[in-house]
Amino acid sequence: MSIGPGQVAILSGIVFAIGAFGLVSRRDAFGLLTSLAILLLASVIAFAGFTAVRGGSLGPPQGEVVALAAVVVCAAVILVGAALVALLQRRRESLDTDEYLDVEADPR
Amino acid sequence: MSAAGFYIAAVLIVLSCAAAVGLRGARESAVAAVAVAVSIGIFLVVGHEYLLALLEVVILLATVATVVEMDRRGALGSRASPLPLSRWLYAAGLAVLALVVLDGTALAAGSGWHPRGVETALSSVLNHQAPVTAGLLVVVGVAAVLVALAIGRTDPDEAEHVERHRAHQEREARMRRRREDRAAARAKRQAASPGGGG
């Protein structure tokens with residue numbers, strides 16, 4: 001039994017769905033960043049998986065490079081996101097994202 | 001890619017992702033995030049992409065370690081309050097929709113939608129075919145670290161402002177407590193006096 005791009009796409013879709021669930025269901029900063037990373041890593045699974053089964057629509061070499069780019073972008077997003085979260089924590093003293101929707105809240 | 005290796009890695013990835021999203025404690029979430037990075041590394045090793053696996057694990061573990069350290073120092077704040085049921089249902093609906101759209105498309109398309117390619121090592125591709133991309137990735141990584149440091153730094157005047165604000169809040173809380181104590185004492189005196197209570 002061999003693995004084809006279809007199985008890889010299904011795995012990538014499941015991981016993406018888990019990330020989307022976490023992005024909506026979490027309100028704390030760590031959970032949101034983790035969910036965002038899982039969303040981005042779904043694309044890594046897809047590109048690297050297509051390369052591994054030698055059937056990527058971009059061709060294997062490009063697939064690997066794009067997967068590496070996705071890993072770097074994922075790390076960059078998490079780092080900048082964590083820094084922004086730290087800034088918000090200092091300024092608003094709350095990371096509950098629902099509180100940011102309150103337009104009457106005192107922004108200090 | 002061997003089928004057994006793929007399915008074992010797939011189960012590990014799905015379980016670790018579910019744990020990272022579902023667990024609420026800081027330490028549990030951090031362990032699950034590490035498990036996600038390692039399980040995807042195992043997936044890449046199963047696919048014989050060793051260099052990509054090494055880079056992925058190193059980059060992601062360094063990122064997770066940075067975020068965990070920030071969380072440990074309290075920079076990321078405390079845990080948020082639990083969500084209402086409606087939000088959970090909304091999240092579940094969105095996840096099911098994403099699953100149906102992505103996996104439904106993959107299942108409906110079958111396996112004839114992809115052209116075949118040639119196998120080339122990632123190091124060779126980065127070195128000979130995509131050196132500019134490799135350079136740009138390094139630049140993106142370094143820029144992200146610098147931007148994160150620039151955003152997350154605390155200026156002396158900002159620290160002073162935060163300290164002033166905290167002192168102001170404490171003073172207000174003390175005054176509020178005093179007012180409440182005085183009001184309570186007054187009510188007690190009125191209740192204790194013979195003609196009081198009115």
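This is a predicted model: local features need pLDDT of at least 70, side-chain atom pairs count only at pLDDT 80 or more; totals for chains, interfaces and linings use all residues.
## Confidence

The predictor assigns the complex an ipTM of 0.78 and a pTM of 0.71. Chain A has a mean pLDDT of 77, with 75% of its residues at 70 or more. For chain B the mean pLDDT is 80, and 84% of its residues reach 70 or more.

Within chain A, the highest mean pLDDT belongs to α1(A), at 88, and the lowest to helix α4 (residues 97-100), at 64. Within chain B, α1(B) has the highest mean, 90, while helix α5 (residues 122-129) has the lowest, 69.

## Make-up of chain B

Chain B contains 7 helices and 0 strands. Its order along the sequence is α-α-α-α-α-α-α. Of the 198 residues in chain B, 27% are buried. Taking contacts in chain B between residues at least 6 apart in sequence, 47% join residues at least 24 apart.

In soluble globular proteins, nonpolar side chains tend to be buried together. In this model the largest nonpolar core has 50 residues, and L11(A), V15(A), I13(B) and F43(B) are those with the most contacts inside it. Both chains supply elements that give two or more residues to this core: α1 (5-25), α2 (29-52) and α3 (60-92) from chain A, and α1 (3-22), α2 (26-46) and α3 (50-72) from chain B. The largest share, 11 residues, comes from α2(A).

L11(A) shows how the two chains meet in this core. Beyond its neighbours within four places in sequence, L11(A) contacts I45(A) in its own chain and F6(B), A10(B), I13(B), V14(B) and F43(B) in chain B. Two of these partners, I13(B) and F43(B), are themselves among the residues with the most contacts inside the core.

Helix α1(A) is mostly covered, with 15 of its 21 residues buried. Its length can be checked against its residue count: at 1.5 Å a residue, 21 residues should span 30 Å, and the end C-alpha atoms of α1(A) are 30 Å apart, so the two values agree.

T34(A) lies in helix α2 of chain A. T34(A) counts as buried because its relative accessible area is 10%, below the 20% cut-off. Leaving out residues up to four places away in sequence, T34(A) touches A20(B) and A33(B).

## Charged residues

Side chains of opposite charge can pair when their charged atoms come close. Over all chains, the structure holds 1 salt bridge. The side chains of R166(B) and E163(B) form a salt bridge, with an N to O distance of 3.4 Å. Both residues are in helix α7 of chain B, 3 residues apart, which is about one turn of the helix.

E56(B), in helix α3 of chain B, is a contrasting case. E56(B) is buried yet has no salt bridge, and R26(A), the nearest side chain of opposite charge, is 18 Å away. Its contacts, not counting residues up to four places away in sequence, are V71(A), A37(B), I40(B), G41(B) and L44(B).

K188(B) lies in helix α7 (residues 156-192) of chain B. With a relative accessible area of 66%, K188(B) is exposed. The C-alpha atoms of K188(B) and L85(B) are 44 Å apart in space, and the two residues are 103 apart in sequence.

## A loop residue

H48(B) is in the loop between α2 and α3 of chain B. Its phi is near 60°, a positive value in a residue other than glycine. H48(B) counts as partly exposed because its relative accessibility is 48%, between the cut-offs of 20% and 50%.

## Accessibility of selected residues

The table lists relative accessible areas for residues discussed above.

| Residue | Relative accessible area | Class |
|---|---|---|
| T34(A) | 10% | buried |
| R166(B) | 39% | partly exposed |
| E163(B) | 47% | partly exposed |
| H48(B) | 48% | partly exposed |
| K188(B) | 66% | exposed |

The two partners of the salt bridge, R166(B) and E163(B), are thus listed as partly exposed, at 39% and 47%.

Terms used:
Residues are numbered from 1 along each chain as its sequence is written. Chains are lettered from A and ligands numbered from 1 in the order in which they are written. Side-chain values use heavy atoms; hydrogens and water are left out. A nonpolar core is a set of buried Ala, Val, Leu, Ile, Met, Phe, Trp, Tyr and Cys residues joined through side-chain atoms within 4.5 Å. Buried means under 20% relative accessible area, exposed over 50%, partly exposed in between (1.4 Å probe, protein chains only). Helices (H or I, at least four residues) and strands (E, at least two) are DSSP runs, numbered from the N terminus. Contact means heavy atoms within 4.5 Å. The expected span of a helix is 1.5 Å times one less than its number of residues. pLDDT is the predictor's confidence in each residue, from 0 to 100. Lys and Arg count as positive and Asp and Glu as negative; His and the chain ends are not counted. A salt bridge is a side-chain nitrogen of Lys or Arg within 4 Å of a carboxyl oxygen of Asp or Glu.
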